[in-house]
Amino acid sequence: MVTRFLRRRVWLLGAAVATAAVIVPVAWAATWVNVGSADIHLNEQPYKDVSTDAPRDQYQMRLYVTTHSPCGGNNFWMTYLYPDGTTYASSSFREICTAAETPSVWNVNSGNKYAICGELNNEPTDPGSTCQRQSTT
Amino acid sequence: MKTHSRQVLLGVVAGAAASIAAIIAAAAFGGTSQTAVSAPGQPDVTTHFSVFSDQAVPAAPASVVAQFEEIHPGISSARQVRSNASVASYDGAVCAVFEPGSGGCTAQLDHGVWLMGDMIRAYDSEQAPFNLNLYGVAEDGISLISISLADGSIRAIPVVHNVFWATLTNTTFNQIEGITVTSVSGQVSLDPANYFPVEAALASP
């Protein structure tokens, strides 16, 4: 009975699956994905950072930091590195503390690079951070 | 054949609808939930930015408004000051989107200035020199941001409609030795160490 139902609607099912197969990858490619773990505590050691596991292509990044008090000043940055570890691009330090300040976005294209979010060690509390990248790969 | 065509059409519609529903659900539940409610008592710094009431500054285009909305739904008064720089306000904070550059909001100004910058290779090669983009927003009354470099030169960046932007070619963060803010009430220095990382200290993958 199920087989007969499916056979009668094979064109409908096929078209639905094919359409989804086209739309979903395109849309997924434009979504934000986490770099490393979500809610990582970058404050555990000086210059702690979170990185992609391999060079990736991204056209922007953003960093969420849990709202906390007091704020620690300009304590976070983002950077892109070549596979050999040399710098392609680096942001200045920025404060990410209040509800208004999170997320902080970095509108810089990388090409095929490691994407990294980092933190200095002068944040008075140890807030969780989530680094994300938006990419086509 | 007519039945097949109708099934294909229905299938495309169903597949598209399911995909869109899934994408919306992923966007709604897949993002981080770390944005919190605004802390009470935050100063309203936007009152010190006349750009928001200056009718000579055009509204930001829809594409930029969309970027602001992605940062914080409800951002208002978006104005395009330069082709690559727009400002807006959000809950007493000043917001900015620079392209290429940073985007976000803050109410924590350093002597009236929100200074940002990026150091990027002039072209995509490990051997390429670095260029510096220095940019940000500054309160009313601030007219100039001066950057003192290690070679003794000074680059003066004018503030126009509360926004400044400059590209310093063949320059790295390490070469910045001083930052001076000039306003109607005089000059004040900002500490470069609060803004710019030393390259050697940056992370390795």
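The model is predicted.

**Strand 4 of chain B**

Strand 4 of chain B has six of its six residues buried, so it is largely enclosed by the rest of the structure. Buried here means under 20% relative accessible area.

Strand 4 of chain B pairs with a strand from chain A. Strand 6 of chain A (residues 104-107) runs antiparallel to it, over three bridges. Within that pairing, A:Trp106 has B:Ser102 as its bridge partner.

Strand 4 of chain B also pairs within its own chain. Strand 3 of chain B (residues 93-98) joins it through four bridges, again antiparallel. Here B:Val94 stands opposite B:Thr106. Strands 3 and 4 of chain B form a hairpin, with two residues between them.

**Cavities**

Where is empty space left inside? Rolling a probe the size of a water molecule over the atoms shows this. The count comes to three cavities of 30 Å³ or more. The table sets out two of them.

| Cavity | Volume | Lining by class |
|---|---|---|
| Largest | about 80 Å³ | three nonpolar, five polar, three charged |

Which strand gives the largest share of the lining of the largest cavity? Strand 4 of chain B does, with five residues. The lining includes B:Ser102, B:Gly103, B:Gly104, B:Cys105 and B:Thr106. B:Trp114 and B:Met116 are also among the lining residues. Strand 4 (101-106) and strand 5 (113-121) of chain B are the elements that give two or more residues. Chain A takes part as well: A:Arg94, A:Glu95, A:Glu101 and A:Ser104 line this cavity. B:Ser102, the bridge partner of A:Trp106, lines the largest cavity. So does B:Thr106, which stands opposite B:Val94.

The second largest cavity is lined by ten residues. The closest to its centre are A:Ala100, B:Gln42, B:Asp91, B:Ala93 and B:Ala107.

**The four-stranded sheet of chain B**

Chain B also holds an open sheet of four strands, in the order 8-7-10-11, with antiparallel pairing. Strand 8 (154-158) and strand 11 (186-190) stand at the edges, each with a single partner strand, so one side of each is left without a neighbour in the sheet. From one strand to the next, the twist averages 25 degrees.

Which strand pairs with strand 8 of chain B? Strand 7 of chain B (residues 142-149) does, in the antiparallel sense, over five bridges. In this pair, B:Ile147 has B:Arg155 as its bridge partner.

Methods. Residues are numbered from 1 along each chain as its sequence is written. Chains are lettered from A and ligands numbered from 1 in the order in which they are written. This is a predicted model: local features need pLDDT of at least 70, side-chain atom pairs count only at pLDDT 80 or more; totals for chains, interfaces and linings use all residues. Side-chain values use heavy atoms; hydrogens and water are left out. Two strands pair if DSSP finds at least two bridges between them. Axes are lines fitted to C-alpha atoms, for helices over the stretch in contact, and angles run from 0 to 180 degrees between N-to-C directions. On a 1 Å grid over the protein atoms alone, a cavity is a set of points where a 1.4 Å probe fits but cannot get out, and a pocket is an open set with protein on both sides within 12 Å along at least five of seven lines; lining residues have an atom within 4 Å of a point. Grid points are joined across faces, edges and corners, and a volume is the space filled by probe spheres set on the points. Ala, Val, Leu, Ile, Met, Phe, Trp, Tyr, Cys and Pro count as nonpolar, Asp, Glu, Lys and Arg as charged, and the others, Gly among them, as polar. Buried means under 20% relative accessible area, exposed over 50%, partly exposed in between (1.4 Å probe, protein chains only).
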